[in-house]
Amino acid sequence: MPDTIDSATVLSLLSRLNLDQKIAQLTGMFVTDLFGPPTSPDEPFGLATERLAGIRPHGVGHLSMAWFLGNTADSLRAGIARIQDGVREVTPFGIGALVHNEGINGFLHDSGSQFPTSWAQAATWDTGLVSRASAVTAAHMRDAGVHLLFAPVMDLARDPRWGRVHETYGEDPELVAQISVAFVRGVQAPGAGPAVLAGGKHFVGYGASEGGLNQAVSQLGRRVLADEYAEPFRRAIRDAGLEIVMNSYNEIDGVPSAADPWLLTELLRNHLGFRGAVVSDYDSVNMLRTIYHTAQSEQDAAAQAVRAGLDVELPGDTNFSHLRAAVENGTVGEDIIDLAVARVLRIKEIVGLLPDMRGATRTAARPDAAEAAEVRRSIAERGMVLLKNDGVLPLGEGRKRVVVTGPAADELRIHFGAYTSVSNMEMQVGQMALRNGEIPGIDPSTFNFTDIFQARMPGIEGRFEAKTRELHGGARVVIDALRDIDATVAFAPLGSFESGEEIDRDLVGSSVADFDIVVVVVGERTGWVGNNTAGEGQSTADPMLPGNQNDLIDAVASTGKQVVTVLVSGRPLAVRDLAEASSAVLLAPLLGEEAGVAIADALYGRVNPSGKLPSTFPRTVGQIPIYHGHHFGSGYDHPTGTRHGYGDLDVQDPLYPFGHGLSYSSFKIEPLGPGVAVDGDVLVVRCRVINTGDLNGETVVQVYARDEAASIVRPVRQLLEFARVSIPAGGREDITLTAPIERLHYTMADGRRGIEAGDITVMAALSSADVHFSTTVAIDGSAV
């Protein structure tokens with residue numbers, strides 16, 4: 001047994017398990033396998049835990065899809081506890097089962113506190129808020145009896161065609177790393193009660209899928225994987241004690257991630273120092289047979305995965321149940337099984353699931369609803385990004401005649417993404433509609449459940465919206481929130497998310513004729529099922545506004561009225577025409593139930609926007625993928641000379657760069673003394689931030705650096721550090737930002753991780769394209 005498993009309890013317990021009992025610890029079980037007839041009129045189903053001895057005679061390692069066990073916190077808690085008692089009776093020595101749940105932006109359950117989506121959290125550039133949000137989510141997990149929180153999503157998302165951008169923290173390794181560390185620390189904070197562990201996903205390169213297609217190949221070399229895409233995992237493992245990692249669905253260089261020993265063992269464990277357990281994303285072991293055709297049987301798939309370093313198959317045991325045969329025929333050594341089981345038992349020891357560890361394991365404070373509400377509101381306010389403003393904003397209450405239009409103005413569900421209470425509800429409503437034959441063109445007798453993400457469901461939007469309003473009864477849609485501030489605001493219901501409907505320009509003209517300013521609220525729906533254009537399994541070749549929304553904005557602009565556009569989206573879209581037609585553009589990146597009020601407050605100046613983009617907005621779809629940290633010789637930014645660009649573009653830059661975000665205030669940054677210094681192995685930036693505007697405001701100071709000469713091609717710019725500051729009108733604040741030089745390390749030509757001696761240019765900025773001063777300093781080389 002390797003040195004990383006040093007628990008005497010774990011090793012002793014492992015030695016007493018037979019092979020079948022060991023394998024059981026490496027597999028999941030659907031809680032729905034225990035559903036039976038209800039025992040009372042109040043129950044939708046009963047729990048037949050007596051089945052456990054028959055269907056899992058060697059024990060249960062993990063419980064999957066536990067969120068189906070009840071619609072309230074009490075029923076969920078009771079259902080999990082009842083199954084856990086049954087599991088301990090059939091599992092050797094009373095070992096409990098690990099229970100997992102999703103929680104990228106709140107506890108995935110009707111009873112859970114919901115937060116703005118991950119991309120919105122990243123737009124705050126506020127790691128403290130992220131920690132507070134994840135701590136609330138972990139409190140819900142503890143209260144329910146859940147041990148593993150399958151979040152954060154640590155993928156770098158640089159291609160907005162991919163539908164899962166909203167689940168990520170954006171494009172930049174440093175921003176994603178710092179927010180991921182903050183999330184994990186919030187979940188695993190000491191003293192919060194029984195242990196809940198975060199699960200980082202997806203390892204690795206999932207967001208770089210070819211063509212933006214979900215689960216497609218990622219054409220990435222090993223250096224960029226280790227230096228950029230794995231950086232958030234490196235930091236979360238080292239700085240926050242990440243104990244659970246989930247594999248990616250992709251394949252890299254011909255090897256699926258679920259069966260790649262270089263990824264799961266050499267890179268993750270040997271290079272990044274991971275000690276915990278690797279769990280499969282749902283059905284990814286199956287995909288070795290069904291999608292990638294690298295395995296010919298269930299036994300073959302299980303052997304490939306466990307030999308590579310994947311410890312647990314989820315959600316069930318379709319493949320890993322064949323591991324006994326693989327051991328008996330010599331395909332898998334029992335020592336490999338022992339290592340995987342030891343890792344799982346170590347996790348169970350941490351969360352209190354081993355024998356004699358049951359006492360008070362679920363004693364913890366209930367989730368703090370007031371804290372959740374405060375954090376949710378703060379993220380919504382700080383996550384909005386003012387992309388453009390010619391002075392039309394903020395609106396004055398009663399000073400201008402305002403009319404609101406656009407299909408997102410009176411819809412609530414558009415503000416929620418996947419892995420939320422809303423998407424969970426929609427999954428259940430959509431399933432029921434399909435089973436009842438209510439969806440035109442779909443035969444429920446032949447429909448495959450796994451195809452539900454791609455199924456169009458005409459006419460179901462009304463049901464989804466009604467259920468969303470039931471779930472979040474106190475939430476306001478944008479038009480209502482605006483009228484709460486200014487009762488004279490009018491509403492013209494124009495525009496559609498659906499294609500095929502033409503804009504009646506005469507109607508548009510007459511609808512806005514009597515007003516000075518037109519607020520157009522547009523966007524795209526994001527989720528799991530229904531008529532979405534973004535979400536898991538919802539890639540788009542043209543990430544643009546769906547339906548006739550662009551035509552609506554053009555028609556409004558042609559009237560000569562001032563146009564203020566509110567863009568509701570969880571990813572960058574190609575919105576050049578929208579931007580040109582609008583006097584102001586406010587991005588609302590899936591803010592959840594707080595969206596309506598937050599947007600209204602921002603438009604009227606009750607909130608001064610301060611969010612910064614976590615992703616680059618392209619000028620046109622043809623620039624995709626586009627991101628600020630591209631290498632010398634590639635991309636759009638060439639600090640040392642011109643390079644080839646797009647001949648049909650007059651401007652090669654993005655429409656809105658990474659880190660961009662305006663305010664109703666204005667800020668400038670000045671160096672203090674030389675501005676930049678090297679202090680041992682740390683870069684130190686000292687500067688003065690001045691609010692030159694007439695309003696109190698917040699901004700984010702961003703520090704970038706460029707390695708001017710290296711034997712390996714480096715990025716033209718790397719984010720190193722950032723700080724959110726709040727400064728009163730006309731005020732100033734002196735701040736110091738420090739960043740370890742190690743953040744500039746890379747895989748050198750000899751395979752070591754380090755940096756060569758030479759010049760580094762350090763930049764203090766308000767966005768990746770808005771540099772206020774820069775200084776070049778010399779550093780010594782170092783390697784590890």
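Reader: Which residues lie nearest the centre of the largest cavity?

Author: Rolling a probe the size of a water molecule over the atoms shows where empty space is left. On a 1 Å grid over the protein atoms alone, a cavity is a set of points where a 1.4 Å probe fits but cannot get out; lining residues have an atom within 4 Å of a point. Here 20 residues line the largest cavity, and Pro173, Glu174, Asp227, Glu228 and Gln718 lie nearest its centre. This is a predicted model: local features need pLDDT of at least 70, side-chain atom pairs count only at pLDDT 80 or more, and totals for chains, interfaces and linings use all residues. Residues are numbered from 1 along each chain as its sequence is written, and side-chain values use heavy atoms, with hydrogens and water left out.

Reader: What is the volume of the largest cavity?

Author: About 220 Å³. A volume is the space filled by probe spheres set on the points, which are joined across faces, edges and corners. The second largest cavity has about 40 Å³.

Reader: Which strand gives the most to the lining of the largest cavity?

Author: Strands (E, at least two residues) are DSSP runs, numbered from the N terminus. β21 gives the most, three residues.

Reader: What is the strand order in the open sheet of three strands?

Author: Two strands pair if DSSP finds at least two bridges between them. The order is β18-β19-β22, paired antiparallel. β18 (667–679) and β22 (732–740) are edge strands with a single partner each, so one side of each has no neighbour in the sheet. β19 (682–691) and β22 share nine bridges. Val682 has Pro740 of β22 as its bridge partner.

Notes. 1 Å grid on protein atoms, 1.4 Å probe; cavity = no way out; pocket = protein on both sides within 12 Å on 5 of 7 lines; lining within 4 Å. Helix = DSSP H or I, 4+ residues; strand = E, 2+ residues; numbered from the N terminus.
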